[in-house]
Amino acid sequence: MAAQNLSAFGTRHVAKGIGRLLPSVISSGQGSHLTMTSGRKYLDFTCGIGVTNLGHCHPSVTRAAQAQIGKLVHGQVNIAFQEPYLQLIEQMIPLMPDPSLDTFFFWNSGSEAVEAAVKVARHATKRQNVVVMQGSYHGRTMGTMAMTRSKTVYGEGYAPLMPGVFSVAFPYCAQCSVAKGSGGKFGFGNCCMDPVLQLELLLKRETAPSDTAAVVIETVLGEGGYVPPPPGYLQKVREICDKHGILLILDEVQCGYGRTGKMFAVEHYGVRPDILVMAKGIANGFPLSAIASRKELMDMQKPGSMGGTYAGNAVACAAGVAVAKAFKEEKILDNVNARGKELKATLEAAAADPKTKHMVYDIRGLGLMLAIEFQPGHGYASKVQAKCLEKDMLVLTTSIYDTLRLIPPLNISKEDMAEGCRIIKEAIDEVAAGEDPKETGTKGQALE
């Protein structure tokens, strides 16, 4: 079937509920690039939304998967242990942000892993309710739709959803009304205590601590805008959880496994989660997710209460073992921090450039999980994205605010990063140059 016919076939027969950046058909991927059936090649700063973190078809991951396919494809977890599952746990234990996280359960997707974490929390505490953050994204299943608060589109028209979910403000400094009212001095201070106060009030007004099983937080908001919390916030939440016997669940499906320059984003803050959720990059494209917790919590569940037909698939686990080894052998975190500085410098230069600074509202992120939020009312993020596509580079927008998120491979070369930075700069410059001067007045709070 010809490439154009494949695209038309997909448009006709693939569920319309799937959003899509391009109508193109991907033919192959290698490293930091994707090639379409048309022959057009793109520099990929999306990584399958943070999945192919070691680039497309990483050689050692590919070899590990190929070797495993010839030995065992499906070793069902309710039948017996299988080697790759146990080998992956062995590799992961030293990577955990706290030694208490020593017991694992593998599933297929991030949404499933979040639900597994909620199951553990409800069972261990004998409480029903969970508290989530406004702006959070946890998935599209019936349970996680109730927990997702980044955009209404994910749950619109699907009620009734899982009950017992309450939301509270996340410390999003760039959009903080307290910060704006005090002259826009972003950063940790009295203003960033307001979300802590709101959590304390929620536990007095809406869900009593004795009814609350867990507080669930994306350590860095993903779909909500790539927003890291200010220093001190997670420590305060940990204190509240400890005071009331509430479990702290950190969802690091997108921000974990090296994305922020440390293996897990929580390592930037020095806080111990009760349950850690991970997925996406842990197997570099093979469907695999996991939760890690301390043994006494996980051992409270009766045998048979957890499982799944494909949970911890042998090929996916073998790929995961190769991913964990690559992080050490290839010094991936060193590359993340070096390339992250280069990418952030490009964004900060746009915020300082007299020709483009009127467009920029905020620059933020950690490692290679970076975002540029534009001034509202102009649709700058989509315009810059379109310019990048014209220049053969894939980037994604995110959030209810006008935000472009950048998710390049964690092992991206210095040369590919330089090319990406050049394209982003050109795209922003061209959007600025093409504006109607009558419509370029800034709205809202300018970047300090």
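This section describes the domain arrangement, the interface, a sheet, selected backbone features and the salt bridges of a predicted model.

The chain is assigned to two domains. Domain 1 is made up of two segments, residues 3–57 and 331–434, whereas domain 2 covers residues 72–330. Taken over C-alpha atoms, the centres of domain 1 and domain 2 are separated by 25 Å.

The interface between the domains was examined next. In domain 1, 35 residues are in contact with 37 residues of domain 2. The size of an interface is often expressed as the accessible area that is lost when the parts come together. For domain 1 and domain 2 the buried area is about 2,900 Å², and 57% of it lies on carbon and sulfur atoms. Polar contacts across this interface amount to 24 residue pairs, with both residues at pLDDT 80 or more. On the side of domain 1 that touches domain 2, two or more residues each are given by α2 (47–50), α12 (332–352), β11 (360–366), β12 (369–374) and β15 (403–406). Of the elements on this side, β11 gives the most, with five residues. By residue class, the side of domain 1 that touches domain 2 divides into 19 nonpolar, 11 polar and five charged residues.

Side chains of opposite charge can pair when their charged atoms come close. One salt bridge is found across the interface of domain 1 and domain 2. A salt bridge also joins the side chains of Arg 405 and Glu 223, with an N to O distance of 3.4 Å.

Strands of a sheet pair through backbone hydrogen bonds, in either a parallel or an antiparallel sense. In this model, an open sheet of four strands has the order β1-β2-β3-β13, with mixed pairing. Its edge strands, β1 (26–30) and β13 (393–394), each pair on one side only. Strand β3, comprising residues 41–44, pairs with β13 in the parallel sense over two bridges. Leu 43 is placed opposite Met 393 of β13.

Two backbone features were also identified. Most residues other than glycine have a negative phi, and most peptide bonds are trans. Cys 47, a residue other than glycine, has a positive phi near 50°. Cys 47 is located in helix α2, one of the elements that give two or more residues to the side of domain 1 that touches domain 2. The peptide bond joining Ala 159 and Pro 160 is cis, with omega at about 5°. Pro 160 is situated in the loop between α6 (142–147) and β6 (165–168).

Definitions and conventions. Residues are numbered from 1 along each chain as its sequence is written. This is a predicted model: local features need pLDDT of at least 70, side-chain atom pairs count only at pLDDT 80 or more; totals for chains, interfaces and linings use all residues. Side-chain values use heavy atoms; hydrogens and water are left out. Domain bounds come from an automatic or database domain assignment. Contact means heavy atoms within 4.5 Å. Buried area is the accessible area (1.4 Å probe) that two parts lose on being put together, summed over both. A salt bridge is a side-chain nitrogen of Lys or Arg within 4 Å of a carboxyl oxygen of Asp or Glu. A polar contact is a pair of N or O atoms within 3.5 Å; within protein, one must be able to donate a hydrogen and the other to accept it, and residues adjacent in sequence count only if both atoms are side-chain atoms. Ala, Val, Leu, Ile, Met, Phe, Trp, Tyr, Cys and Pro count as nonpolar, Asp, Glu, Lys and Arg as charged, and the others, Gly among them, as polar. Two strands pair if DSSP finds at least two bridges between them.
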